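Work through the exercises below with the model open. Try each task before you read its solution.

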Amino acid sequence: MAGQIIIIGRLGQVADATSAIAASTGHTVRHLARPEIDLAQPGLIARALDPVLQAAPPGSVLVNAAAYTDVNGAESEPELAQAINAVTPGIIAERCGQANIPLIHLSTDYVYDGRKGTPYLETDTVGPLGVYGRSKLAGDEAVQSSGARHVIMRTSAVFSGSGQNFLRTMLRLGSRQDQVRVVHDQRTCPTAAADIAAAIIAIAGQLTDDQSKTGIFNFCGDTPRSWAEFAADIFHTATRFGETPVRVEQIGSAQFPSPASRPAYSVLDCGAIFRTFGISQPDYLKALNQNVAHALAAPGPEPR
């Protein structure tokens, strides 16, 4: 029997996918989520987390898959974003270090400023443009300085056939109109939640055997896309399942003003995670096909 995977978060895309893959690969799964633990209250984290860590069997790994992810909302709630994304991860990491349990912490491509123009390495200079990116970067730094053995996984444009994400938003819009307007001057690498989860489980298995494996690692889908291209891919894929074609009108970011600035280019170089863990970049189009099929077969509650 594999070790226990302790997942902070329950309903998020990555938390849900990680739970499913962990269980299918022989791990026991322990979730920590509200009301048992509230990441917005850093002072109460240790009280909720310590008993779980102390009871964890040998070979356990903690995955922090929860975060404040509303990029625009963070601009008006900076204190909340800072508490959840920066302060709490540091406390979680400290408790993991004291319990000698490795931590896998999810981060974001939004820690970069997007001015590089070629895929970002983990060693490149960071420079987040908004509150969300700054809070996530502060969380990365807190984890790094905690003394815990850790892997910080920076990923991008997470999508799934369930939950709240860009893919489901596009399908919802496409069911109501034959044209959508999407920005074309922000380029990233869409990444399926299930692929992130599979990478997490692969890393967890190696962390318990090799204490030298630690640090920041980029992980994303294998195909850079603008958000407009991503939308067009979604709609093209949906037509294979009988959906009506939807046209994507490409617009500039200036035509779609939002409270938060985003990097124009946040493509990630994923060489380090392959060299260290043997994990290759996942096939974006294959994942997109699977997740569009899932979303159309079981749409569930509409994303907000």
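**Exercise 1. Find which elements the buried residues of α6 pack against.**

Step 1. Take the partners. The buried residues of α6 pack against β6 (158-159), β7 (179-183), α8 (227-239) and α10 (284-297). Contact means heavy atoms within 4.5 Å. Helices (H or I, at least four residues) and strands (E, at least two) are DSSP runs, numbered from the N terminus.

Step 2. List the buried residues. They are F166, L167, R168, T169, M170, L171, R172 and G174. Buried means under 20% relative accessible area, exposed over 50%, partly exposed in between (1.4 Å probe, protein chains only).

Step 3. Conclude. Helix α6 (residues 166-174) has 8 of its 9 residues buried, so the rest of the structure largely encloses it.

Step 4. Check the N-terminal end. N165 caps α6 there, with a side-chain oxygen 3.1 Å from the backbone nitrogen of L167.

This is a predicted model: local features need pLDDT of at least 70, side-chain atom pairs count only at pLDDT 80 or more, and totals for chains, interfaces and linings use all residues. Residues are numbered from 1 along each chain as its sequence is written, and side-chain values use heavy atoms, with hydrogens and water left out.

**Exercise 2. Give the strand order of the open sheet of 6 strands.**

Step 1. Read the order: β2-β1-β3-β4-β5-β10, with parallel pairing. Two strands pair if DSSP finds at least two bridges between them.

Step 2. Find the edges. β2 (28-32) and β10 (215-218) each have a single partner strand, so one side of each lacks a neighbour in the sheet.

Step 3. Inspect one pair. Strands β3 (residues 61-64) and β4 (residues 103-108) run parallel, joined by 3 bridges. L62 stands opposite L103 in β4.

**Exercise 3. Decide whether D140 and R154 are buried or exposed, and what links them.**

Step 1. Find the link. D140 forms a salt bridge with R154, with the closest N and O atoms 3.0 Å apart. A salt bridge is a side-chain nitrogen of Lys or Arg within 4 Å of a carboxyl oxygen of Asp or Glu.

Step 2. Place the residues. D140 lies in helix α5 and R154 in strand β5, so the pair ties together parts 14 residues apart in sequence.

Step 3. Check burial. D140 and R154 are both buried.

Step 4. Contrast another pair. R115 forms a salt bridge with D113, at 3.2 Å between the closest N and O atoms. R115 counts as exposed, at 66% relative accessibility. D113 counts as partly exposed, at 21%.

Key. Polar contact = N/O pair within 3.5 Å; in protein donor to acceptor, adjacent residues only side chain to side chain.
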